[in-house]
Amino acid sequence: MFQPVGGMDQIPKALTRAIGAHRIRTGAAVSKITDKGSGVSVTYSQGGRTKVIEADYCVGALPPNILARIPHNLGTGVQTALEAITPSSAAKIGLEYKSRWWELDHRIYGGITETDQDVTHIWHPSYGFHGERGVLIGYYNYDDDADSYAKLTPKGREERAVAAGVKIYGEKYRSELASSFSHHWRQTPHLEAAWHDTPVAPTTPATSRSTTPPDGSTSPATG
């Protein structure tokens, strides 16, 4: 499985270098979008202060479930389309181990174990072979399974995931564990979803008409 060298955050870092860091404003939460016909204004908060930026165009690339809650004047068609797109759940846990026992004992180098348990997938690292330590993805699950783990404390998630893994790999799945970190996308601020389901394809004429304002100066990126 291909992945960026140095971690997934290398992708936004590369985009930042290409665009120019001085053009990017982080820690800015949008609170209002106003289409003015000849342009657009976006109100946002940053560092405890409310600010407004004026521009010729705005591409609303926020998750639809978030964008639907932001006041705007883009019309009922846009609002209806945003509300029709439903967020989906997914969750992961990283399990750090004191040794790479899956390589030493089982000759497993990368790849995924598909299970019929609520952990769904267990991923083995495809880097750092024969290193001192390693991290497994102890679960990558979706929908109701993900939501059931979200209700637990971080320690509870770890215990439940490890108990499932012991059934497959044996006791070292528990005894060699050093630490864990779990994540649920529905609980992530400014995302609140892993991905979205659309009632119709975004490229169909019906959706295109409902998400494109008449003057076209502001357009939600619903794909």
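This is a predicted model: local features need pLDDT of at least 70, side-chain atom pairs count only at pLDDT 80 or more; totals for chains, interfaces and linings use all residues.
Visitor: What makes up the protein chain in terms of helices and strands?
Guide: The protein chain holds 8 helices and 12 strands. Of its 223 residues, 36% are buried. Among the contacts with a separation of 6 or more, 61% link residues 24 or more positions apart.

Visitor: Let's start with the sheet of E1, E2 and E3. What is the strand order, and how do the strands pair?
Guide: The order is E1-E2-E3, in an open sheet of 3 strands with antiparallel pairing. From one strand to the next, the twist averages 20 degrees.

Visitor: What makes E1 and E3 edge strands?
Guide: Strand E1 (29-35) and strand E3 (49-55) each have a single partner strand, so one side of each is left without a neighbour in the sheet.

Visitor: How do you know that E1 and E2 count as paired?
Guide: Two strands pair if there are at least two bridges between them. E1 and strand E2 (residues 40-46) are joined by 6 bridges and run antiparallel, so by that cut-off they are paired.

Visitor: Why is Thr 120 called buried?
Guide: Buried means under 20% relative accessible area. Thr 120 has a relative accessible area of 15%, so the word buried applies. Its place is in the loop between strand E7 (112-114) and strand E8 (121-123).

Visitor: Which residues does Thr 120 touch?
Guide: Not counting residues up to four places away in sequence, Thr 120 touches Thr 113, Glu 114, Thr 115, Tyr 140, Asn 141, Tyr 142 and Asp 145. Thr 120 and Tyr 140 are 20 residues apart in sequence, with their C-alpha atoms 6.2 Å apart.

Visitor: Why do you say that the buried residues of H5 line one face of the helix?
Guide: In helix H5 (residues 143-150), the buried residues are Ala 146, Tyr 149 and Ala 150. Seen down the axis of H5, these residues fall within an arc of 105 degrees, so they line one face. Their cover includes strand E6 (90-97), strand E9 (134-142), helix H6 (154-169) and strand E10 (177-184).

Visitor: What makes the contact between H5 and H6?
Guide: H5 brings Ser 148, Tyr 149 and Ala 150, while H6 brings Arg 157, Arg 160 and Ala 161. By class, the contact has 3 nonpolar, 1 polar and 2 charged residues.

Visitor: Where is Trp 185, and which residues is Trp 185 in contact with?
Guide: Trp 185 lies in the loop between E10 and strand E11 (195-197). Leaving aside neighbours within four places in sequence, Trp 185 contacts Ala 90, Ala 91, Lys 92, Leu 191, Glu 192, Ala 193 and Ala 194. Trp 185 and Lys 92 are 93 residues apart along the chain, and their C-alpha atoms are separated by 8.8 Å.

How values were computed: Residues are numbered from 1 along each chain as its sequence is written. Side-chain values use heavy atoms; hydrogens and water are left out. Helices (H or I, at least four residues) and strands (E, at least two) are DSSP runs, numbered from the N terminus. Axes are lines fitted to C-alpha atoms, for helices over the stretch in contact, and angles run from 0 to 180 degrees between N-to-C directions. Buried means under 20% relative accessible area, exposed over 50%, partly exposed in between (1.4 Å probe, protein chains only). The arc is that of the directions from the helix axis to the C-beta atoms. Contact means heavy atoms within 4.5 Å. Ala, Val, Leu, Ile, Met, Phe, Trp, Tyr, Cys and Pro count as nonpolar, Asp, Glu, Lys and Arg as charged, and the others, Gly among them, as polar.
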